[in-house]
Amino acid sequence: MKADKSLLSGSATLLVLSLLSGEDKYGYQMIAELEAKSDHTFSMKEGTLYPILHTLEKEGAVQSYEKAAPTGRTRKYYHITKKGLRLLDTKKEEWTTFSQAVNAVLAGTTPVMA
Amino acid sequence: MDAPKAPPRTIDQFCGKVCSCVRFSPDHAAISAELTGHMEEHRDALLEANPGMTLWDAESEAVRGMGDPEELGRWLNQIHNPRLGWFQIWFRRVVWTLAVLVLLFALPRAGELVTNLTAPASYDGIGMGHLLEHYDEYDVVADFTPGAVWQYEGYTFSIQRAVVTHSETSAYRDEALHLSYLLKVTHSDPWQRGPEFREWLWAEDDLGNRYPSRGEQALYQLPTSAGDSSGNPSAVYPFASYYDLWVGGIHPEATSVTLHFDRFGENAISLTLPLKGGD
């Protein structure tokens, strides 16, 4: 059974994949970076991150592995795969099209399709 | 009556509530470990940013930051499919069980496998084995190991043992000599194997008497009453073969026998053995 579509639709998957495109990260690191980069604009419930990550892992877009932190705590890192990078490109295009359309409506003009 | 909806205050309570909504229990430990790690990271970050904060308050805030545990548990339940999960677990168990069973059956035969690859250091065969077992009952004329080694197109030939016996009466002629010998053939190419000596190695003595091979006898309808050159089944291994052969009905006055193998168009092998022993 697929995960709740309403959870994964929209920008959450795009943001997670985008965060992982630079380097491998663990869950709390992604949340902290998301809040810092968006100046606390994106402040989702932190638990929401894990169904997204687990779904992406099931689909082969990310892979996870465990690594010990300097504190001795074992962290679960996520690594974006080639499939995940292709999905990120698709999501970016969808987002660009969507945001152009929204901007065009707000400006009262006809949207220019990519 | 609905279950109480009091929000969890501790990390353990939060994880317990999440996992209670996930049917596939084997994943509970991994889910709990990942969520616990996240909340502990958050708690420690809060304590570092707010030195006056208590551990209890920091953990409570970290737990609150995760949102509704039951909603999270239901999302995870949709992803952690029990049917697929149990199938993977049982598939792994079956594969491991089969692997262990194969090993248990294969290990006792490992010695046999190695022997098949390397061939034993010595081999008596049926004919030579019987001769050695009843050695005292025979009139042994010579018992020797020729030192010479012959080579031909990658094959190395050596005679491990040769025993010449004398009999007053035999199936061939009234008085005759009988040469029993073990021929070892080694080669580096496992696909090459040994030639079919049992069928095609023929012999002649120094008096000019010919002792046809078993293959020649069948192919050319040759009589065997005047002697023959044949053998018992061979022991064939990838890198070496043993041939338990004989030349029977040898003229009693002959002093040597020459073995020939020319089935493939040339006299590939021509070994002369003295019937009184020696090289």
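In chain B, Q151(B) stands opposite T156(B), a residue of strand β3(B). The two strands concerned are β2 (residues 149-152) and β3 (residues 155-167) of chain B, and they pair in the antiparallel sense over four bridges. Pairing here requires that DSSP finds at least two bridges between two strands. Together β2(B) and β3(B) form a hairpin with two residues between them, and E153(B), in the turn, has a positive phi of about 45 degrees.

A word on the source: this is a predicted model, in which local features need pLDDT of at least 70 and side-chain atom pairs count only at pLDDT 80 or more, whereas totals for chains, interfaces and linings use all residues. Residues are numbered from 1 along each chain as its sequence is written, while chains are lettered from A and ligands numbered from 1 in the order in which they are written.

Let me turn to chain B as a whole. Chain B contains nine helices and 11 strands; these are DSSP runs numbered from the N terminus, with helices being H or I of at least four residues and strands E of at least two. Of its 279 residues, 30% are buried. A residue is buried if 20 or more other C-beta atoms, placed from the backbone, lie within 10 Å of its own, exposed if 12 or fewer do, and partly exposed in between.

Which residues of α2(B) are buried? Among them are I31(B), L35(B), M39(B) and R43(B). The buried residues of this helix pack against α3 (27-37), α4 (49-58) and β3 (74-80) of chain A, together with α1 (11-20), α3 (55-65) and α4 (69-79) of chain B.

That brings us to the contact between the chains. Chain A gives 18 residues to the contact and chain B gives 16, two residues being in contact if their C-beta atoms, placed from the backbone, lie within 7 Å. On the side of chain A that touches chain B, α3, α4 and β3 of chain A each supply at least two residues. The largest share of that side, five residues, comes from α4(A).

Finally, chain A itself. Chain A has five helices and three strands, in the order α-α-β-α-α-β-β-α along the sequence. Of the 114 residues of chain A, 24% count as buried.
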